[in-house]
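We will go stop by stop.

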Amino acid sequence: MRLISTSIFLKVLTVCAFIPTTGNLAYAQGKAKVTALKCEYLVNPLGVDVTQPRLSWQMQDAAQGAAQSAYQILVSKDSVALAQLGNAAVWNSGKVQSSQRLVGYAGGALEPFTAYYWKVLTWNKAGQPLPASSIARFETGMMQRTNWRGTWISDGNSINARPAGYFRKEFNAAKKVRSARAYIAVGGLYELYLNGQKVGNHRLDPMYTRFDRRNLYLSYDVTSQLQNGTNAIGVLLGNGWYNHQSLAVWNFDRAPWRARPAFCLDLRVTYNDGSTEVITSDGSWKTHTGPLVSNSIYTGEQYDARLEMPGWNTAGFNDQNWHEVQLRAAPSQNIVSQLMEPIRNVEKVPARSVRKFNDTTYLFDLGRNIAGVSQIRLKGDSGTVVRLKHGERLYENGHVDLSNIDVYYRPKDGSDPFGTDVVTLSGKGTLEFMPKFNYKGFQYVEVTSSKPIKLSKEDLIGYFMHSDVQQVGQLNTSNPLVNRLWWATNNSYLSNLFGYPTDCPQREKNGWTGDGHFAIETGLYNYDAVTIYEKWLADHRDEQQPNGVLPDIIPTGGWGYGTANGTDWTSTIAIIPWTLYMFYGDSKPLADNYDNIKAYVNYVQSISPEGLTTFGRGDWVPVKSSSPLEYTSSVYYFVDANILAKAARLLGKQDDYSYYSKLANKIKEAINNKYLNKAAALYGSGLQTELSVALQWGIVPDELKARVAENLAKRVAADGMHLDVGVLGARAILNALSDNGQAETAYKLAAQNTYPSWGWWIVNGATTLYENWNIKAERDISLNHMMFGDVGGWFFKGLGGIKPDEAHPGFANVLLKPSFVSGLTHMEASHEGPYGIIRSAWKRSGTTIKYKVTIPANSTASVMLPLQAGQAAYLQGKAVAATLNISAGTYEFVIR
């Protein structure tokens, strides 16, 4: 299993690295340690079903020049033996002379339902052993489909039946339980209960996939929730994307997999005597409908508290009026573990204010735009109907305005209102309601009731829901607008991360491919989201047609295979795995998707044999100027062919490397022959997007880059130091400028606060990014969109200068090229990459700049200081060159 390039595997970190002649060069054995052990990018995961899971770690050592010279991995089924004796009965890698910190398991075949314990031994660059890591674990799941014992079951209702299905079964645990694991696969969404308590804290499981081609299952440790004697299992099923009943232009209701929600469950109980019992989903279960009378991932949820069944998921409940279940076939033959960060209620957002219109109408304001749900406390007479309408905007009269987000909804009647939860009260005390199988994008909640009710500001709270990825990026500058813009960008990124990247959390919830790759660097600089993207790439493989074509939105129920689903959008199949390789140093995403990238490029070549293509959507939502579709589509065609050639070389496919390198050069030549005016150093008519994409994606000949960038800066100045781009130009323009000597102009664009600009949104109260530069546009005006979001990543690249090195990816060698722009007095950016935290911070005082950097242990950096005429750089009082290599450690440069 090839994880990273051979050059990284053999890389000797001390070559060409600057190590100070003073300071602590000794390795502090008591402080150096191995940390951050992960399996498949997760901490101690359950349900691993890959045969060669990836194991990774970090070396934590503050000593200057700290580096790993060798490692040894030990894997055992016995944690005590591994801890005390170093017994690695399953796999002992032996001592491997390498700085590598990402290794594929290479022992014997892993067994299903088995806990494996592992630790790492490392040696520093002097060959001295460091303390062994703590012991980590991973536990395998099914490993293969034939290990499932349960049967898929449903309630037998039609796909149009609105009430959700409740399921229950009792069983007896006659002996003392040592451990118990629940494995559940679902078509639709679910909540699992044991003895009345919900299992886990995830939301909206399982993640959305092409259900007729791949289904995900979840694994839980439920040992603590079982009791001796009688136990009860409860399952509540929601529709999700599997049985989409709401009607919209995207034809979700016509998905080929559509069916009534169903599930398969195995509860494996291991007793103290070593025996195992498996309680499964089968014909003995019972089902009924209940208070959840309607649920739609797209619109909202409806709950009738009068139909509640207290204790339905506990032992001893009287279910004699419940019905038999229906046995079903699995939705697909490909059932795999959901090994990824789950969706959770991550942040509680209290209401900032409440406005009472009258005794039946209240407006709650969270003070910020989020994706998620509201939770409300209600008390009133039986039969009182309460509606909670969620939106991003208000009419002038103060009521919620849905006109910007319900435009693609096509309801057949008024029974399924958009963005609205409907609760019917029972009159029995206080009800606390929060939807289970829906989420929305909103800032405001308008609560209306059929009878008077009393509400206070404390009665409603919002929950910001998203894939619960770890934050790995931090930014702080002397400009509050920049700081606020970075925060708003992250809010939009997370609002559009629900097991796959989406365009918006309210109007569509679609996995638009373009939005996904426009924002991937922003995502990865700020969040450890690799598991989400690897899952989404699997969705790409499921959706790709035999001829290589991909749809605009992924996953899809069928919409998106048209004429515009071309290179500028569906280049995700190449750009996403390449970017993961750059940020993580892991070539597996490229290997997994290599054939798909190749099929895609081959398709574009078949319809565009001369090198230029019109297969694309274009520079969507531009300010005022439109770039030629053929030009921008051909640039992305080049990007795809170029990535394919690089992947071929990396993976040892020499013939492919030769072929696709020539193809990439042919495309570049065709673009330059038609669109480049060499004498004027201009592309096309010299629009911002035309110049930006050529610079960003490597189309410009080396000898013309500086002049093209100068012309781009002049064009921006001629446009009043404002943007005149759509999504393609927004992805490229800041990088095109700052990478080519025009960082001052790039910063002025990023920090601009008048229309059109990112900052214009912020000064007008935005807490997320918008879909349109024009806040008052009549269409394309979602207020929580990520397609203009590259700016959040540019702050790390263009100001902090933190970039991965293609020759040594995964930040094994960090490229540090900061920009000391005049508009800031200080800035600090940090990113926790695979090796640890990288910091890049600078502060200006008069004519002196102090630049402080931290490079984590076992990695190096290439520093490029942007010295102006008459300036010199100093390190520890000694003059140094503007370009130099440094080893791990903390350094402070003085520029004056």
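**Stop 1: H10 and H11**

H10 passes H11 in a left-handed crossing. Left-handed means that the near helix is turned anticlockwise from the far one by less than a right angle; clockwise would be right-handed. Before selecting anything, note that this is a predicted model, where local features need pLDDT of at least 70 and side-chain atom pairs count only at pLDDT 80 or more, while totals for chains, interfaces and linings use all residues. Residues are numbered from 1 along each chain as its sequence is written, and side-chain values use heavy atoms, with hydrogens and water left out.

Helices (H or I, at least four residues) and strands (E, at least two) are DSSP runs, numbered from the N terminus. Select residues 629–650 for H10 and 654–675 for H11. How do their axes cross? They come within 8 Å and cross at roughly 160°. The axes are lines fitted to C-alpha atoms, for helices over the stretch in contact, and angles run from 0 to 180 degrees between N-to-C directions. H10 and H11 are therefore roughly antiparallel to each other. The cut-offs: under 35 degrees is roughly parallel, over 145 roughly antiparallel, 65 to 115 roughly perpendicular, and the rest oblique.

Now show side chains. On the H10 side, the contact includes Tyr631, Phe638, Ala641 and Leu644. On the H11 side, look for Tyr660, Leu663, Ala664 and Ile667, among others. Contact means heavy atoms within 4.5 Å. By class, this contact has 15 nonpolar, 3 polar and 5 charged residues. Here Ala, Val, Leu, Ile, Met, Phe, Trp, Tyr, Cys and Pro count as nonpolar, Asp, Glu, Lys and Arg as charged, and the others, Gly among them, as polar.

**Stop 2: H11 by itself**

Stay on H11. It has 22 residues and reaches 31 Å from its first C-alpha to its last, close to the 32 Å expected at 1.5 Å a residue. The expected span is 1.5 Å times one less than the number of residues.

Which residues of H11 are buried? They are Asp656, Tyr660, Ser661, Leu663, Ala664, Ile667, Ala670, Ile671, Asn672 and Tyr675. Buried means under 20% relative accessible area, exposed over 50%, and partly exposed in between (1.4 Å probe, protein chains only). These buried residues pack against helix H9 (588–607), H10, strand E35 (676–677) and strand E36 (682–683).

**Stop 3: H10 and H12**

From H10, pick Tyr631, Thr632 and Val635; they meet Thr689, Glu690, Val693 and Ala694 in H12. These contact residues divide into 4 nonpolar, 2 polar and 1 charged.

**Stop 4**

Select 743–750, helix H15. Of the 8 residues of H15, 6 are buried, so it is largely enclosed by the rest of the structure. The buried ones are Ala743, Thr745, Ala746, Tyr747, Leu749 and Ala750. They pack against H3 (480–495), H13 (705–718), H14 (727–738), H16 and H17 (791–799).

Move on to Pro756, in the loop between H15 and H16 (758–763). The peptide bond from Tyr755 to Pro756 is cis, with omega near -5°.

**Stop 5: H14 and H17**

H14 and H17 pack at an angle of about 10°, with their axes 10 Å apart. They are therefore roughly parallel to each other. Display Arg731, Leu734, Asn735 and Ser738 of H14 with Val791, Trp794, Lys797 and Gly798 of H17, which make the contact. By class, it has 3 nonpolar, 3 polar and 2 charged residues.

**Stop 6**

Most residues other than glycine have a negative phi, and most peptide bonds are trans.

Go to Pro206, in the loop between strand E13 (197–198) and strand E14 (215–221). A cis peptide bond joins Asp205 and Pro206, with omega about -10°.

Next, select Ala36 in strand E1 (residues 33–39). Its phi is near 55°, a positive value. Ala36 is partly exposed, with a relative accessible area of 35%.

Then take Glu40, in the loop between E1 and strand E2 (46–48). Phi of Glu40 is near 55°, also positive. Is Glu40 buried or exposed? Glu40 is buried, with a relative accessible area of 8%.

**Last stop: Asn358**

Find Asn358 in strand E25 (residues 353–358). Asn358 is partly exposed, at 37% relative accessible area. Draw a distance to Gly187: the two C-alpha atoms are separated by 43 Å, and the residues are 171 apart along the chain.
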